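Please open the structure in your viewer and keep the selection panel at hand. The tour goes from one selection to the next and says what is found at each stop.

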Amino acid sequence: MFKILYIYLFILQCFLCASKTNAEIINTNVERLLDLSSQLVKTTIKITAEETTGKHITEYVFLVADPNLAFISLKDDTEKNIVLRKNKEDLNGDQTFTFTFKKESPTQTFVIETVSSKIIRPHPVEIEQNDKQLVKYNGSLYFYSKYKTRTQKTNVKLSSSNILFHTQQKPFSVGANRIILGPYEDIEALSQQELVVHYENQTPFLTVNTLERTIELSHWGNIAVKEEIQLTHAGAKLKGSFSRYDFQKEGRSDHSAVKSYKTYLPASASGVYYRDTNGNISTSNMNLVRDFIELELRPRFPLFGGWKTKYTLGYNVPSYEYMYNDGNKYQLKMHLIDHIYDNMVIDEAVIKIILPEGSTQIKFSTPYQISRRPNELVHTYLDTIGRPVVTFSKSNLVESHIADFTLNYSFEKVSLLQEPLLVSAFIYVIFLFTIVFLRLDFSITSHSHKE
């Protein structure tokens, strides 16, 4: 009896292993939207995957051959986010992500959104002041996947209808600022063919080389934010000398040179300042919109390709909008980074959070992976042991990274009396010293008193 049962279980296990071996996922339909209208490459991929053996698809492996991938997200057909896990790079150096589906089904439909930087490059790399900026994009014509694709189609969106060259793999069509490639059928797994698009792109290619963002908390009702920004125009470099007369005379709104740009601040921001190494910069306009403050920043000079500028932007916000407490437990929720300009790219960001003196049990969480640095101590006015500073960094940031971090810590409310007591003690010592000083007699002559 037991021998028969063992033989049955053995055969069943072999059958399951064989079924798993023969299981194969294919992409039945892939629709790509490739947005090349700015300095970023924004890709939206709608995939319908099917398990050929009829088994449920629980995981899907997505490959990214682009080393400059900045952001990736995944949603299912109900617009709900799907959990994704980044794996180690494979032998080809490709980044791999594994998606785990909550709803098991033989057919899965989902949407992948990616944002990449520094792929669109100026071509030529130098232009004269009044020339138009031309750029070149090099990518993949086919959807790069470890699975076979039955049919796929790519829609390329450009910033201009001036297209000098593009890969002409039939079937394709061109209309205005759009290129439609495909549909292509029966594409084997890991297939690659280069896609080249050479076109006009006059959008600003601004890059934040370094961002140093400091958030200083105060339990007296204020949060001070300061950002030190070094900015470079990464577009086609200016060839020859700059003529301000020609620049003012031309007056083109579509010029690749940057006259001004808009940054967004919280709606409750106050005490806004904008300065550089020479002092305050008065060429800025601030408008209160519904949910935020729109601040138009105008550098002291227009930014052409290869030109740089550095400035400091700061403001204050009320702490009650971002801080919550339960007894001696406090929680801070704020943006890791804020909107600096449209389609922004940040090479390296360093964020410092200065907590009140006496803060303990610090716990920190972020919506994505960051590089945490050791905690520090900083001394400001009326400090004794110093204020703890939480520091971390992140590279290759885009607008999609604007999200809230959570910082929990403990703080004894009696510590709020430290600064008033220090001020009171200091004033008391000054008065005491003054009283003693006025009562001392420093004269060198003796005074005789009549009886």
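Is Val429 buried or exposed, or does it count as something in between? Select Val429 to begin: at 48% relative accessibility, the residue counts as partly exposed, a class that lies between buried (under 20% relative accessible area) and exposed (over 50%), with a 1.4 Å probe and protein chains only. Before going further, note that this is a predicted model, in which local features need pLDDT of at least 70 and side-chain atom pairs count only at pLDDT 80 or more, while totals for chains, interfaces and linings use all residues. Residues are numbered from 1 along each chain as its sequence is written, and side-chain values use heavy atoms, with hydrogens and water left out.

Val429 sits in helix α3, residues 418–439. Now extend the selection to Tyr428, Val429, Leu432, Phe433, Val436, Phe437, Leu438, Leu440 and Phe442, which together make a nonpolar surface patch of about 1000 Å².

Next, turn to the largest pocket, which holds about 760 Å³ of space. Select Ala70, Ile72, Tyr368, Gln369 and Lys394, which are the closest to its centre of the 26 residues that line this pocket. The elements that give two or more residues to the lining are β4 (69–76), β5 (83–86), β6 (95–105) and β30 (387–397), and β4 gives the most, with six residues. By type, the lining residues of the largest pocket divide into 14 nonpolar, ten polar and two charged.

Then move to the second largest pocket, whose volume is about 500 Å³. Among the 26 residues that line this pocket, the closest to its centre are Arg32, Ala65, Asp66, Tyr137 and Ser140. At least two lining residues each are supplied by β1 (25–36), β2 (41–51), β3 (57–64), β7 (107–116) and β10 (134–140), with β10 providing the largest share, four residues. The lining of the second largest pocket divides into 14 nonpolar, nine polar and three charged residues.

For the last stop, select Ser359, which lies in the loop between β27 (346–354) and β28 (360–365). Ser359 is buried, because its relative accessible area is 9%.

Definitions and conventions: On a 1 Å grid over the protein atoms alone, a cavity is a set of points where a 1.4 Å probe fits but cannot get out, and a pocket is an open set with protein on both sides within 12 Å along at least five of seven lines; lining residues have an atom within 4 Å of a point. Grid points are joined across faces, edges and corners, and a volume is the space filled by probe spheres set on the points. Ala, Val, Leu, Ile, Met, Phe, Trp, Tyr, Cys and Pro count as nonpolar, Asp, Glu, Lys and Arg as charged, and the others, Gly among them, as polar. Patches are made of residues with over 30% relative accessible area and no salt bridge: like charges are joined within 9 Å, nonpolar side chains (Val, Leu, Ile, Met, Phe, Trp, Tyr) within 5 Å. Accessible areas come from the Shrake-Rupley method with a 1.4 Å probe; for residues, only the protein chains shown count as cover. A salt bridge is a side-chain nitrogen of Lys or Arg within 4 Å of a carboxyl oxygen of Asp or Glu.
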